[in-house]
Every structure is written in structure tokens, then in C-alpha cells.
Amino acid sequence: MRTKLSLVLMCVVIATCASARKNPLSGPMPTAASQSEKASLPKADSGMQKIKHVIWIIQENHSFDSYFGTFPGADGFPPSTCIPVLPGSRRCVKPFHMPKGEPIYDLHHGWGNEHAAYNNGRMDGFVWAEGSPFTMGYLDDRDIPNYWAYARHYTLCDRFFSSEMSESLTNHLYSVAAQSGGLIGGLGSIKQIEEVLGERGGFSFASIVNSFSRGHVSWKYYVETRPMTADRNSYGVIPSLWFGEPKAFSLWNPLAGFKAIREDPNRMKNLVDLKEYFQDLRSGTLPEVSWIVPIFEDSEHPPETLAPVARGMWYVTNIINALMESPYWKDSVVFLTWDDYGGFYDHVPPPIVDAFGYGPRVPTLIISPYAKADYVSHFTYDFTSMLRFIEDRWDLPPLTQRDAHADDMKDCFDFKQTPLPTLIFPLPKKLPRPERTMYQDYEPYVPPPVINLNPQRQARSHKPQGWVQ
């Protein structure tokens, strides 16, 4: 999007910040968990041992309110919600049901826009920071019936926050490493990681894959792919997101950017095409932990013309159907979530836990025979809560203070209940098709302030053509 540069918060800046509650830049970075924190963590209990497989599906760019703001029993839109068009303006935009085919452009959702929308916790800057009234548009069971049905049959989390008040890459990093390495923007290549972070060969901080190796936990990172066209036309979207490249680092495939993984063929072989997920279900080789990320047209990432939400919903439904039709359903959990708010309004101010987060709420569903039925969990979570669940289940140490102190999501489960049945949806014969228009985004009504913490390192823009967060 419009984040011009990928930035790193420097320690000297953090040290000069004041109250963490007042200033979203203040507070420490997520750092490695201390020995005392590691020693004090509980061992996996007998209930969690019933879960033998974690499937973490990560979709793109929607806030909680944009999908579940009208869901009964959830913390949705307050009745008086109306967000000003400009700062201090009496003109405002109320939440409205999203018209078919909208938004035709992407909404801003980088660090600067997100903090402007957040507006020191007032959550009233969305319309002018995103540059469009479509930030206030929402969907419901008329548009995403399968997601609402999963929420009614299993567990919906209405206080699940993105881990960083920023865009895709940073939050995907939290999903594998419980930190972003200080990054507050997107990077498109290993070279950019080297230039911006000064880390040769890729990210040098630990990911949970390190823990998997020591704990002998099997894993895979499934990446959806599509055939590469002769002209590589990706309609303005980064080719690695449009076509999918399991072995290549991208905004949605962060593990390929870790030096310790890139230089280890045994680890790289676990970055695979999504087709292997279906093969693994059939052949009895599903790993204990897996992530699943889409190509752009199945991601639900605006614009609607390039990635129809209904198409993404059916893509996810097919993945979940396959699990439910396999022997693995009986001892699995699906964590279905979205990586960031995508520029869409959410009314709940995210708690400020450190210099980077939390960010706005994102939809999250817990789908499992042991998920509480027709339940809305009001506990506070972020992506490191999934890591905490995995760490507790397989008796692994935390990676940073974030996952060490994250809620472990046990409120979402009842391991003593009669296992819940499957909920399988027949797939339609025809899926919604993208219109193949060029990717564009809205301009903010009021440009957010430019954050420039390291002018020399940021002298050159690292924004590829068609940059998408």
C-alpha cells in the first residue's frame, strides 16, 4: 500500500518514549523470554493432549466489525457509531452493509494510516485515514454464511487483536516468531531484509520452527499456488502473492525469509504447495502443526474485483471440509483468522502491550470437536496466543515475552464435552470469478504523518510496483 518504507524502531527511540498507554510507539520490543518465564510455564494438561493436529488458516485484511460487527452476542458496532469524515467534522459515516462488488480499491492499512485511524485510542480516524467511506462497510450472514455458521456451531473470539498495529508481513512474522524483529512495514526480498534490518541472509531471530526441531514436532507451511502465466500478469499485485511460491519469501510466507530455514534443506522441504495438504489428509501424513496461506484471488484481500470475499470463503470451506471428511477431524483444531484489519473499521481500542501492538481486532474462529459450541470468547488474544497454545500442547518454551504472557486460548475449548460433529458445506459448481481489473488503492483524505526514524537507511524506497500489504 502507501507505506513508503519498511522501518525499524530503534532502541534509542523506544527509550525516549513516555507512557505506553498514551503513546503507541512506547514500551519495549518483544524480547526473548527469560529463564524464569520459561520455567514457570505450565506443562501441557491431559485435555490439550486430545489435540494432535493444529491447522492455522490465515486469510487477509478484515477487521472483526467488518465480518462480525452484527453477530448476536458478540461485541459489535455500538448503536451510536458514526465516524467523522475529517478530524473535528460534524459530517460522519455510519456502518452500512457493503454493496455488492465493493470496495473496488484497496484500503490503506500501513503503520501510519493505522495509527491515524486508532487516534490515541479514540478509534475515530478511519474514514479520513483510509480515504474512503467503505472503511465502514460490513458483511454478515448474507455475504459470508459459512463463516457465520462456523461461529454458531463452534467458537468465535471477539477480543482477538492483530499482534502489531501494522500490515501483513509484520503480523505474519508474529504468527511464526512472536515478534516482527522491530519491523513496522513490508519487505519484498531477502535483499531488503539485509538492507533494512542489517541481517545478512534473512531474519536472524528465532522462529517456532527452532522449537519444533528440538521438540520433534512435525510441521508444514502450505502455500496455495496457481500456474504461472507466460506474461506473468498479476494485475498490479506482487507476483509471489498472485501465483504463490512456497519456497520464496513473501509478505504472507515469512518462514522463507529466515536464515536458519533458508540454509537448511530439511526445513525448506516443509514449505510446500497447498496441494500437499489434501494429499497428506488422504495418505495419513498430516503434520502436527501447519499453516495455510492463499494466493491473492482466494485471500479476501481488497479490492473485491480481484479477490471476491465469497470466493475466499469457499476456498477456506474446501480446506475445512477436507479435514472434516478425514480421520484427522477427531483430534484436530482449526484456527481460522485474518492477518490484519485491512483498513476496515473496528470500534474496540486495542490494548497497548509494547511498542508495536496490539493492532485492531480481526475475526478468529476456533473449529474443533473440542471447541465450545455456539460460544463467543471474550478473552483477549493475539497471534501469539496460538503460539502459546502450541507451546503448551507440545511442552515447548516461549520465544519472546509476547507468547510467554499471551492467553493460551483454553477458554475456547471444553475437553470434557462430547466431541462436536462436523459441519460440511457442499461446494458450488461455480465460484465467484475475479474481474481482473488493475490493483489500486484509495488516497487518504488527510495524509497521516510520515514516520522517519532512520533517515539514512530509508533514503531509498523499497516499495515494489504493485505493493500490497
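Which residues are buried in helix 13 (residues 275–283)? Let's select that helix and find out.

This is a predicted model, in which local features need pLDDT of at least 70, side-chain atom pairs count only at pLDDT 80 or more, and totals for chains, interfaces and linings use all residues. Residues are numbered from 1 along each chain as its sequence is written, and side-chain values use heavy atoms, leaving out hydrogens and water.

**Stop one: helix 13.** Colour Y277, F278, D280 and L281, the buried residues here (buried means under 20% relative accessible area with a 1.4 Å probe, protein chains only). Helices are DSSP runs of H or I with at least four residues, strands are E runs of at least two, and both are numbered from the N terminus.

**Stop two: the cover.** Show strand 1 (53–59), strand 7 (219–223), strand 8 (271–273), strand 9 (289–293) and helix 14 (309–324), which are among the elements covering that face's buried residues. Just past the helix, G284 has a positive phi of about 80°.

**Stop three: Y277.** Beyond residues up to four places away in sequence, Y277 touches I55, Y222, L286, I292, I319, A322 and L323 (contact means heavy atoms within 4.5 Å).

**Stop four: the core.** Y277 is also one of the residues with the most contacts inside the largest nonpolar core, which has 118 residues. Helix 14 gives the most to this core, with 10 residues.

Methods:
Buried < 20%, exposed > 50% of the residue type's maximum accessible area, 1.4 Å probe, protein only. Core = buried A, V, L, I, M, F, W, Y, C linked by side-chain atoms within 4.5 Å.
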